[in-house]
Amino acid sequence: MRPRLETENGYKAGSTISSASLSAFLRWNLRGHTLKAQGLYGSNLSHLSLIGGYGKRLTDTREDYDYTNLKTWSLWVDFETRPLHSFQVGVFGGYMENLGAMKAVDPAVIYACNADLHSTGRISPRITWSRDRLLLGVEYSLYQARWGKEFDSHYRPVETYPITTNHRGMILVRYAF
């Protein structure tokens, strides 16, 4: 990717940046119980709506400066079971964390999605009832986020604000035809 087409003085910019990610997915079914999980590690993952992006390398003083990626990891797990014929019970949990930049970064020149977010997590139990083509359900979600207050030279949070919490309830009504 080429973040800039020209420098501040109007010259052609040629610096590019590459990123990579590694993910693993698991699905396990055993006698009516289903477990699903996914882990992801990578750099510059803002295109996946995760914490991530890139910034100017702190030590680069050239006009056509180089960049460094912000790294992120995330994990989610979902378990679902059917204790009764018409009822299904499940719980989802997820966590994501900012691992900072690969090299020292200039904090004034960062292009990222939520780069000041240290970590976020969610846990959501749910229950659904179905009959023929109708499905009804309820879900409660507890979200927590920890925002960075102070950052080191790699833009890793070293001091954070208190955890913020959000409670959310949802009702599901679905009719398939």
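1. What is the radius of gyration of the protein chain, and what would a compact globule of 177 residues have? The protein chain has 21 Å, while a compact globule of that length would come out near 16 Å. The radius is taken over C-alpha atoms, and the globule rule is 2.2 Å times the number of residues to the power 0.38. Along the principal axes, the C-alpha atoms fill a box of roughly 65 × 35 × 25 Å.

2. A word on the ground rules before the details. This is a predicted model, in which local features need pLDDT of at least 70 and side-chain atom pairs count only at pLDDT 80 or more, whereas totals for chains, interfaces and linings use all residues. Residues are numbered from 1 along each chain as its sequence is written, and side-chain values use heavy atoms, with hydrogens and water left out.

3. The secondary structure is simple to describe: zero helices and ten strands. In sequence order the pattern reads β-β-β-β-β-β-β-β-β-β. Helices (H or I, at least four residues) and strands (E, at least two) are DSSP runs, numbered from the N terminus. Of the contacts between residues at least 6 apart in sequence, 59% join residues at least 24 apart; contact means heavy atoms within 4.5 Å.

4. Now for burial and surface. Of the 177 residues, 31% count as buried, where buried means under 20% relative accessible area, exposed over 50%, and partly exposed in between (1.4 Å probe, protein chains only). The chain exposes about 11,100 Å², with carbon and sulfur atoms supplying 56% of it. These areas come from the Shrake-Rupley method with a 1.4 Å probe, and for residues only the protein chains shown count as cover.

5. Which residues make up the largest nonpolar core? The seven are L40, L45, L50, I51, M96, L117 and A145. Such a core is a set of buried Ala, Val, Leu, Ile, Met, Phe, Trp, Tyr and Cys residues joined through side-chain atoms within 4.5 Å. As background, nonpolar side chains tend to be buried together in soluble globular proteins.

6. L84, F87, V89, I127, L136, V138, I171 and V173 form a surface patch of about 710 Å². Strands β5 (87-101), β8 (134-151) and β10 (164-175) each supply at least two of the patch residues. V89, for instance, lies in strand β5 and counts as partly exposed because its relative accessibility is 32%. Patches are made of residues with over 30% relative accessible area and no salt bridge; like charges are joined within 9 Å, and nonpolar side chains (Val, Leu, Ile, Met, Phe, Trp, Tyr) within 5 Å.

7. The structure holds seven salt bridges, each being a side-chain nitrogen of Lys or Arg within 4 Å of a carboxyl oxygen of Asp or Glu. R126 pairs with D78, with the closest N and O atoms 3.0 Å apart. That pair links strand β7 (residues 117-131) to strand β4 (residues 67-81), across 48 residues of sequence. Both R126 and D78 are buried. R126 also bridges to E80 at 2.9 Å, and because R126 lies in β7 and E80 in β4, this pair ties together parts 46 residues apart in sequence.

8. Another bridge joins E139 and R122, at 3.0 Å from N to O. Since E139 is in β8 and R122 in β7, the pair ties together parts 17 residues apart. E139 is partly exposed at 21% relative accessibility, as is R122 at 27%. By contrast, D78, E80 and R126 are joined into one network through shared partners.

9. Two backbone angles deserve a look. S49, in the loop between β2 (33-43) and β3 (52-57), has a positive phi near 60° without being a glycine, and is exposed at 61% relative accessible area. D132, in the loop between β7 and β8, has a positive phi of about 55° and counts as exposed at 78%.

10. Lastly, P157 lies in strand β9 (residues 157-160) and is buried, with a relative accessible area of 15%. Beyond residues up to four places away in sequence, P157 touches N98, H118, G148, E150 and F151.
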